[in-house]
Number of protein chains: 2
Amino acid sequence: MLKVGILGGGQLGLMFVQNALSYPIEIHILDPNPEASCANFAHRFVVGDFNDEQTVLDFAKDVDIVGIEIEHVNLEALKKLKAQGKTVIPDPEVLEIIQDKGIQKDFYLKHNIPTAPVQDENTFPVVQKLCRGGYDGKGVQVLTEENKDKKWSEDSVFETLADIKLELAVIIARNAAGETAIYPVVEQVVNPTYNLLEYLLIPARINDDIAERAKEVALQVVDAFDQPGIYAVELFLNNDNSIWVNETAPRVHNSGHATIEASASSQFDMMLRVLLNLPLGSTEMTSKAAILNIIGAEGHEGNAKVDGLDDLMKIPGAAMHWYGKKITKPGRKMGHATFTAKTYEEIIKQIDEVKPVLKSTT
Amino acid sequence: MLKVGILGGGQLGLMFVQNALSYPIEIHILDPNPEASCANFAHRFVVGDFNDEQTVLDFAKDVDIVGIEIEHVNLEALKKLKAQGKTVIPDPEVLEIIQDKGIQKDFYLKHNIPTAPVQDENTFPVVQKLCRGGYDGKGVQVLTEENKDKKWSEDSVFETLADIKLELAVIIARNAAGETAIYPVVEQVVNPTYNLLEYLLIPARINDDIAERAKEVALQVVDAFDQPGIYAVELFLNNDNSIWVNETAPRVHNSGHATIEASASSQFDMMLRVLLNLPLGSTEMTSKAAILNIIGAEGHEGNAKVDGLDDLMKIPGAAMHWYGKKITKPGRKMGHATFTAKTYEEIIKQIDEVKPVLKSTT
């Protein structure tokens, strides 16, 4: 029985495990948090730091295949494991490029991949991205004449502020033979008043030309990496209809969760197939879909419960994904809900109904 | 966080857990086998005999809701837990009727539910069903003038041999409010040469009139039980187009596995909803589907692996379900494969291709 080891046992790990349990494999998970989502859901769960070289080497000694659910993991360990002949996906060289936003930007420019141009840091407005450690929107800020004193001192990329019409994402699976499977384009729907992510819609409400170009650009990124894996390519569709790559995650991604309910093979199933070098699955969708994050409510910190579950479950085609985190905090991502329906109108109506009541409290 | 305890941690428990992990609950499992499918996949896994009263009482002390994945569990414990005010589904009274084939037969007759008539045990041919302990087709035999000496001595029901055209099954979820959700009728496709189950097809290839009548009879059974739960009602469609209830399982069932891939809410999701008293899900199907069991090959006994996984995974819409059993034996059910497609022809072609190579060996 093949042994698959995953660095990270959070919600992405949990959703991977839920699907991977259908396959003839052993699942090993490494996470520093003894109460991680996967803590009770692996053949072997090891508490340890995936940023520590020796910890990763010790963990992986007994596994055949190493995968990740977070990109900030120890690179030296992965290089040694690869040298030992283990399958490591994503390849350490891909991770090395992605872990540093400066190297990532150079990589796009070198491969003629459309992306925000590098810009002088004293010409405003300018986007500052920390080279290392950014995650989930952290480590990025827009600097202007007015707030230029807030500039971070750490190594950063400075780039032109995109004139964004829509934020899109494309998830692509690539196997060892270089074959790819491309999911429909995902649209991030932003609240115009608060400029906050409201929900994700798949397929995006864009015309075929834009969809094709978005997929082409994403595929260009994946072809440039030239290694097996799951890639989530985040894109800006600008107001002049040009498309820029924002950044790439070399793993399953928040923007792809609706594939669990709406696609023949989900992004988590595809990750398993890529790790095991099985034939890629089908990205065909059975309906339109959206996901809405379930967030920790203001004024609540402590043992988590969820409000609005009944309201959600009475919607035909709606599904719950609770991430198994014990503690809720204001703004913490505690789970998500998926909505599937034949039309965008139906889905948006469902989201509008549930959004005010679906949250995590204590 | 609600604590859900399940008696039994085999493959049905595993598929329940895979889905239940999406909900804000704690999952507790009791199974006598320390290497059961669920052994590493529960918040709390307890090794113990679910037929022992005290073991069940101890296990359930700390849970809010008790469910089952096998009907042969200790009834006295469940009655006491119910008396303590815990939610027990299925109700012990339902289980008491179902655990004994004699009582079950009387129940059908009393409620005017069509079923094979009781027959004198010395009029041949006659079907002998052991009252207790039968499972998965065991404990049933046809007696004729020629083999009447093989009659078992244990308490039995003797009934008329059905003149079977098709074997069907209907799965129904019923909640505490008495609302029901009915899945499409399942057809058991039998190999005409060997008289062995080949695969299960959903929806069954029957006309609307027969489908409606099958659902009506199944609903009659569930209404007669008059308690929340998941019910798998196995039916004979006779050559004169009459329908007889064969037997009922008060739980998720082998005949409903294709609902994982092909239904909005699977039978495992519906079980969770019934246990938590959430709104029932949608039984709408997104495609036609079939399941094929993966069986331990002749001449192989020992540590299990699977042959033919690549052949299966290259079929668009096919899915693997490995049950996590360590040891394979000839004839042992090790997993199943699901096939989804727009037409029966496509599905049957896929099954015919994969069937010769998909099996468990050592």
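Domain bounds, as used here, come from an automatic or database domain assignment. On that basis, chain A is divided into domain 1 (2-88), domain 2 (117-159) and domain 3 (164-361). This is a predicted model, in which local features need pLDDT of at least 70 and side-chain atom pairs count only at pLDDT 80 or more, while totals for chains, interfaces and linings use all residues. Residues are numbered from 1 along each chain as its sequence is written, chains are lettered from A and ligands numbered from 1 in the order in which they are written, and side-chain values use heavy atoms, leaving out hydrogens and water.

I shall speak about domains 1 and 3 of chain A. Their C-alpha centres lie 23 Å apart. In contact (heavy atoms within 4.5 Å) are 22 residues of domain 1 and 22 residues of domain 3. The buried area, meaning the accessible area (1.4 Å probe) that two parts lose on being put together, summed over both, is about 1800 Å² between these domains, and carbon and sulfur atoms give 67% of that area.

Next, the charged pairs. Between domain 1 and domain 3 there are 2 salt bridges, each defined as a side-chain nitrogen of Lys or Arg within 4 Å of a carboxyl oxygen of Asp or Glu. A salt bridge joins the side chains of A:Arg251 and A:Glu71, at 2.5 Å from N to O.

Finally, which elements of domain 1 give two or more residues to the side that touches domain 3? They are strand E1 (2-7), helix H1 (11-20) and strand E4 (65-68) of chain A, where helices (H or I, at least four residues) and strands (E, at least two) are DSSP runs, numbered from the N terminus. H1(A) provides the largest share, 7 residues.
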